[in-house]
Number of protein chains: 2
Amino acid sequence: MPKKNMIVGQSGGPTAVINASLCGVIREGLSNKDKIGKVYGMVHGIEGFLEGRYMDLGEELGREELEKLRLTPAAYLGSCRYKLPEELSSEVYGQMFEKFEELDIGYFFYIGGNDSMDTVSKLSRYAAEIGSAICFVGIPKTIDNDLILTDHTPGFGSAARYVASTVREVVLDSSVYQQKSVTIVEVMGRHTGWLTAASVLARKYEADNPALIYLPERAFSLDGFARDIERELARRRCVVACVSEGIADSEGTFICEYGEKELSAGLDTFGHKMLTGCSKILERFVKSRFGVKVRSVELNVSQRCSGMLASLTDIQEAEKAGRMGVIYALDGKSGVMVAFSRKQQSDAYELEYCAVDVNKVCNQEKTVPLSWISQAGNDVGEEYVAYALPLIQGAAAPPMKNGIPEYLYRKQIFPSDV
Amino acid sequence: MPKKNMIVGQSGGPTAVINASLCGVIREGLSNKDKIGKVYGMVHGIEGFLEGRYMDLGEELGREELEKLRLTPAAYLGSCRYKLPEELSSEVYGQMFEKFEELDIGYFFYIGGNDSMDTVSKLSRYAAEIGSAICFVGIPKTIDNDLILTDHTPGFGSAARYVASTVREVVLDSSVYQQKSVTIVEVMGRHTGWLTAASVLARKYEADNPALIYLPERAFSLDGFARDIERELARRRCVVACVSEGIADSEGTFICEYGEKELSAGLDTFGHKMLTGCSKILERFVKSRFGVKVRSVELNVSQRCSGMLASLTDIQEAEKAGRMGVIYALDGKSGVMVAFSRKQQSDAYELEYCAVDVNKVCNQEKTVPLSWISQAGNDVGEEYVAYALPLIQGAAAPPMKNGIPEYLYRKQIFPSDV
């Protein structure tokens with residue numbers, strides 16, 4: 001087999017471990033010197049690559065930098081949200097493969113979520129069409145955990161650990177006063193509740209807060225919510241409720257849009273709608289209905305980019321996923337995504353790695369099973385706990401300097417990339 | 001000296017280390033068995049104590065619980081915001097001292113901020129008036145770092161470490177795309193900018209983000225802010241600006257009120273004003289003015305209650321402050337607050353503990369020196385870095401169980417305290 005170069009890119013939203021996967025790809029690439037020449041990285045995904053931006057990662061990153069990269073959150077190479085056209089006849093495919101040829105690429109790796117798998121699918125189909133031998137492999141990544149054909153996705157475990165530990169602290173914080181209060185915590189997840197459900201892990205004992213958990217898998221109603229809050233306020237001093245950003249009513253209207261619609265009259269001061277989350281809407285609702293102290297807490301970007309609270313299990317699996325991607329490519333596989341399969345027979349948590357058809361993965365969505373959600377749609381069951389608990393084990397220990405983590409960052413090397 | 005009992009309470013907002021101080025008070029109390037009998041804790045501060053709620057901490061907390069308490073954020077005993085009347089003739093003082101007598105209290109410790117020091121001041125003055133021998137000692141605590149006569153306050157270092165490390169991660173997160181963007185991070189601090197200033201520590205190199213930092217010590221203007229954003233957008237792809245929640249214009253109007261005033265027309269849907277922070281207001285302003293992608297991030301309660309990101313230095317100092325409080329009380333001191341004084345001669349950071357007149361501390365406010373803030377009011381200088389850096393050193397390591405911290409919580413022991 002002639003020696004070929006490889007190229008890797010990152011795409012979609014940041015996570016705490018997308019760089020761990022990058023590190024895995026690079027390390028495995030560099031350790032196969034007989035088969036792989038250069039290890040290139042696209043800067044800002046295929047969008048930047050099409051504009052000519054890439055770098056020689058083997059040259060740029062030494063052993064020490066790679067170890068730092070492994071524990072650095074967000075996307076070292078930069079990311080993009082570039083969707084390839086549906087028609088494989090589009091000229092962008094030709095341009096892209098011309099660039100592959102120029103760089104003598106034999107292996108292409110793309111780390112990302114659903115849209116990135118769509119990219120891998122299209123490029124591998126185009127390659128088949130023109131008879132190119134380049135192998136295209138997807139490495140999964142998303143805090144949303146919504147990819148099918150895999151037990152879970154790298155990035156989810158760290159985000160879940162962030163949510164579980166942070167909600168536990170928010171519960172302690174919200175409980176210090178003796179006055180009645182309601183705290184509403186908003187967690188990421190537009191269409192699926194995997195991450196919000198992780199708030200159940202925050203409970204220190206069975207009846208502990210968060211007392212209420214709402215996922216987008218079930219229709220949300222203000223009336224039902226009011227009944228839940230009323231019941232909980234009668235039985236405890238502080239009520240903590242966790243909600244997915246994407247909760248919607250039975251008509252399919254997002255709760256976060258309630259405010260925008262209702263407030264739109266007064267919002268032309270700056271010419272823009274108020275951009276608010278559902279927790280703010282619910283905060284106002286509860287304050288108005290119950291007259292108690294209410295606070296809303298939007299966990300915001302930290303849940304996806306906290307390297308300090310990342311799960312060690314997640315980091316290790318993410319790196320291994322990157323390595324396995326290279327192994328599959330060297331094995332001649334193309335149009336595949338690295339996937340996780342949990343050993344069911346075993347008592348302890350054990351993971352197997354496999355390659356699944358990327359064409360089957362992209363543009364699909366895995367939701368939380370309805371049977372894992374309580375009848376009333378306001379809690380999560382033991383099945384979820386058993387599923388999620390192994391994924392949040394172990395603490396990452398990023399190298400510290402001056403009291404805070406010393407993350408790796410890419411020196412700005414392109415004028416357009418300031 | 002006859003053996004007396006002691007009592008300790010917590011008051012004001014939660015911090016990551018108020019329990020470390022509590023732990024210090026208890027440990028020092030228990031280690032002076034010849035002078036101190038019972039170690040009582042008020043549940044929900046003096047408010048709960050007046051209602052008869054207290055517990056025997058020596059009985060409740062063993063060695064293992066104390067170590068867990070030390071690393072648990074928020075207020076184990078519960079807190080209150082109860083302000084004693086100005087007139088010492090008020091009957092509440094008599095009631096309180098009657099309860100002290102019932103419990104044979106000789107030493108009273110109150111862990112809190114400005115208002116709590118006001119409580120210590122009043123109780124000690126009342127004691128002097130009636131000739132009571134009870135010693136009243138304040139243990140400082142506030143993430144705001146706004147108490148005078150002390151180099152800094154326990155709680156600040158952990159909050160500053162949270163802000164510095166989290167902003168560093170938010171900067172990485174905000175930089176992944178190649179599109180121009182502005183991110184506005186809102187940090188706690190109504191009147192002083194100590195905590196917001198800690199965002200300067202997030203910079204990985206000199207010209208790194210956060211590019212702009214605004215403290216309430218300087219008047220804020222939308223025009224100046226727009227000029228700053230325009231200049232920064234011209235020189236970099238992503239601009240991260242950190243603002244104190246309490247920034248106000250030269251008229252003294254809070255920026256967070258801009259929205260409320262201007263939006264008030266459309267906000268009667270639920271009968272309440274929109275409760276929004278200044279970062280949301282600025283997000284809309286920037287989006288409207290510059291048309292770039294904008295995101296606002298409110299760090300919210302985690303900055304004051306993150307036990308996972310607490311500074312070890314802060315925890316150690318907070319515990320020592322608690323211990324010193326007991327030592328001062330046993331030394332007969334009353335009407336004092338434990339204070340920190342930094343050794344100026346020494347190259348290394350070294351702290352000395354002292355007792356200062358609590359009457360001088362309460363109802364005063366220490367702001368960030370104007371000379372530490374840039375002329376343009378949009379950055380923080382080296383003086384601040386030198387001041388704050390020693391305070392964020394070292395990582396706390398709370399005991400883990402199932403992947404997340406196993407914090408200590410008070411079993412609910414009062415019917416009114418569910």
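Q: What percentage of the 418 residues of chain A count as buried?
A: This is a predicted model, in which local features need pLDDT of at least 70, side-chain atom pairs count only at pLDDT 80 or more, and totals for chains, interfaces and linings use all residues. Residues are numbered from 1 along each chain as its sequence is written, chains are lettered from A and ligands numbered from 1 in the order in which they are written, and side-chain values use heavy atoms, with hydrogens and water left out. Buried means under 20% relative accessible area, with a 1.4 Å probe and protein chains only. Of the 418 residues of chain A, the buried share is 66%.

Q: Which residue of chain A forms a salt bridge with Asp173(B)?
A: A salt bridge is a side-chain nitrogen of Lys or Arg within 4 Å of a carboxyl oxygen of Asp or Glu. The rule finds 2 salt bridges across the interface of chain A and chain B. In the one formed by Asp173(B), the closest N and O atoms are 2.7 Å apart, and the partner is Arg304(A).

Q: Among contacts in chain A between residues at least 6 apart in sequence, what percentage join residues at least 24 apart?
A: The C-alpha atoms of chain A fill a box of roughly 70 × 50 × 45 Å along the principal axes. Within chain A, the share of such contacts that join residues at least 24 apart is 77%.

How values were computed
Buried means under 20% relative accessible area, exposed over 50%, partly exposed in between (1.4 Å probe, protein chains only). Contact means heavy atoms within 4.5 Å.
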